[in-house]
Amino acid sequence: MNPERRPPDPRHQRPEGVTDTTVEALGALSKALETAERARGALYDFHQLTGSADLALDGAVRLLRAAGHGHHAERVEREILGRNVIPGHWTFQIVEEYNATYYDVFRTIEDEIRRELAEGRDHLYEAEMKAARRTEGIRTTPPSDGRSPSSGNPPSRRHRT
């Protein structure tokens, strides 16, 4: 771990009086919201993939007709093309309902609780974990003296020919 623990940056420092349990609770609430964000992303994937599949049917219908299978082309047009994915709903409506019924409410409540309990500061749990676990590691930016960041040796010089 990090024996020379540096505190988190000011916007990620816990306000005075906020307990470990509160920080842990806010971290759990944030993690739950992040999971809902991922679920929302999966809904957008579902929406876009289903829409792409429906648009691809145009080509399938055209090719079925060109191959002399008009009755199959008509069946695809009649029974699949533009079909509701659940009764009365296309995928965009599912996304809209998820946002309005669940996601927006979740996000609002998480924000209100975080503002009330931690002055609106985000990711306190993670920031404190970073401060506790951070190591110096390998430098990712070159030192100002021109030395190689990993070896401490001067950078190699390339010759132009």
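Which residues line the largest cavity? They are Val23, Leu26, Gly27, Ser30, Glu110, Arg114, Arg121, Asp122, His123, Leu124, Tyr125 and Glu126. Keep in mind that this is a predicted model, where local features need pLDDT of at least 70, side-chain atom pairs count only at pLDDT 80 or more, and totals for chains, interfaces and linings use all residues. Residues are numbered from 1 along each chain as its sequence is written, and side-chain values use heavy atoms, with hydrogens and water left out.

**Cavity**

- The structure has one cavity of 30 Å³ or more, and about 60 Å³ of space lies in the largest cavity.
- Here a cavity is a set of points, on a 1 Å grid over the protein atoms alone, where a 1.4 Å probe fits but cannot get out; lining residues have an atom within 4 Å of a point.
- Grid points are joined across faces, edges and corners, and the volume is the space filled by probe spheres set on the points.
- Helix H1 (20–66), helix H3 (91–118) and helix H4 (124–133) each give two or more residues to the lining of the largest cavity, with H1 supplying the largest share, four residues.
- Helices are DSSP runs (H or I, at least four residues), numbered from the N terminus.
- By type, the lining of the largest cavity splits into four nonpolar, three polar and five charged residues; Ala, Val, Leu, Ile, Met, Phe, Trp, Tyr, Cys and Pro count as nonpolar, Asp, Glu, Lys and Arg as charged, and the others, Gly among them, as polar.

**Pocket**

- The largest pocket holds about 220 Å³ of space; a pocket is an open set of points with protein on both sides within 12 Å along at least five of seven lines.
- Of the 13 residues lining the largest pocket, Thr50, Gly51, Asp54, Arg83 and Trp90 lie nearest its centre.
- H1 and H3 are the elements that give two or more residues to this lining, and H1 gives the most, with five.
- The pocket lining comes out as five nonpolar, six polar and two charged residues.

**Nonpolar cores**

- Eight residues make up the largest nonpolar core: Leu33, Ala36, Leu43, Ile94, Val95, Tyr98, Tyr103 and Phe106.
- H1 and H3 each supply at least two residues of this core, and H3 gives the most, with five.
- A core is a set of buried Ala, Val, Leu, Ile, Met, Phe, Trp, Tyr and Cys residues joined through side-chain atoms within 4.5 Å; buried means under 20% relative accessible area, exposed over 50%, and partly exposed in between (1.4 Å probe, protein chains only).
- Leaving aside neighbours within four places in sequence, Phe106 is in contact (heavy atoms within 4.5 Å) with Leu29, Ala32, Leu33 and Ala36.
- A second, separate core has five residues, including Val18, Leu26, Ala118 and Leu124.

**Salt bridges**

- A search of the whole structure turns up ten salt bridges, each a side-chain nitrogen of Lys or Arg within 4 Å of a carboxyl oxygen of Asp or Glu.
- Arg14 pairs with Asp20, the closest N and O atoms being 2.8 Å apart; Arg14 is partly exposed at 25% relative accessible area, while Asp20 is exposed at 58%.
- Arg14 also meets Glu128 in a salt bridge (2.6 Å, N to O). Glu128 lies in helix H4 and Arg14 in the segment before H1, so this pair ties together parts 114 residues apart in sequence.
- Glu128 counts as buried, at 17% relative accessibility.
- Glu79 and Arg75 form a salt bridge with closest N and O atoms 3.3 Å apart; the two are four residues apart in helix H2 (residues 70–79), so about one helical turn separates them.
- Salt bridges that share partners join Glu110, Asp111, Arg114, Arg115 and Asp122 into one network.
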